[in-house]
Amino acid sequence: VDSNWRIQFANETAQQLFSMSQEQFLQKPFADVCTIETIEGDKKTFIQNNLENHVSVLPVAGLEGQGIRQDDTRFPLMLSFTAMQSSSSAPGFVSEKRALITIIDISRRKRLEEALRQANEQLEKKVIQRTQALEQTQAELLQAEKLAVLGRMSTAIVHELSQPLTAMRNYT
């Protein structure tokens, strides 16, 4: 891209990824083919302003965004920006600030992350269910132990009462 964020060149892989020809890419604003998700501030504006003002903050790597295909379908991607300086010693040549943007399709990774997230949620639900079942079983065991203690205590009381009663019956 040039300092105005217009696309100057797209390789074959980019053409296939975005379903566009080289001619469709040329001079198209970068924002028409990619959006950048930001977490801390607006990195897109920050990078764009610094590129336009020829301040070297690039390279920037690992920004996630979305690609926009010709048919307006979107797909997840990762972007890296590297500053490029035109090098020419020709008289009257004005050096223009440009950036090389590397794009990686991360659709598969995002699908796998979603599958992993769902598997984790299912595991968490199972852990909660099992924990509740164990707590219920523990409460039932505690209740059974209480009943067993009451049974032994009542047996002891009956034995202690029946001994003197048996003795009195024998004497009478």
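I looked up K110 to begin with: its relative accessibility is 28%, so K110 counts as partly exposed (buried is under 20% relative accessible area, exposed over 50%, partly exposed in between, with a 1.4 Å probe and protein chains only).

The model is a predicted one, in which local features need pLDDT of at least 70 and side-chain atom pairs count only at pLDDT 80 or more, while totals for chains, interfaces and linings use all residues. Residues are numbered from 1 along each chain as its sequence is written, and side-chain values use heavy atoms, with hydrogens and water left out.

Next I searched the whole structure for salt bridges (a side-chain nitrogen of Lys or Arg within 4 Å of a carboxyl oxygen of Asp or Glu) and got seven.

K110 pairs with E64 in one of them, with 2.7 Å between the closest N and O atoms. This pair links distant parts of the chain, K110 being in helix α4 and E64 in strand β2, 46 residues apart. I took helices (H or I, at least four residues) and strands (E, at least two) as DSSP runs, numbered from the N terminus.

E64 also forms a salt bridge with R109, where the closest N and O atoms are 2.4 Å apart. Here strand β2 covers residues 60-68 and helix α4 covers residues 107-171, and the two partners are 45 residues apart. I noted E64 as partly exposed at 23% and R109 as partly exposed at 30%.

Last entry: E114 and R117 meet in a salt bridge at 2.3 Å, N to O. Both lie in helix α4, three residues apart, about one turn of the helix. E114 is partly exposed at 33%, and R117 is partly exposed at 37%. Separately, salt bridges with shared partners join E64, R109, K110 and E113 into one network.
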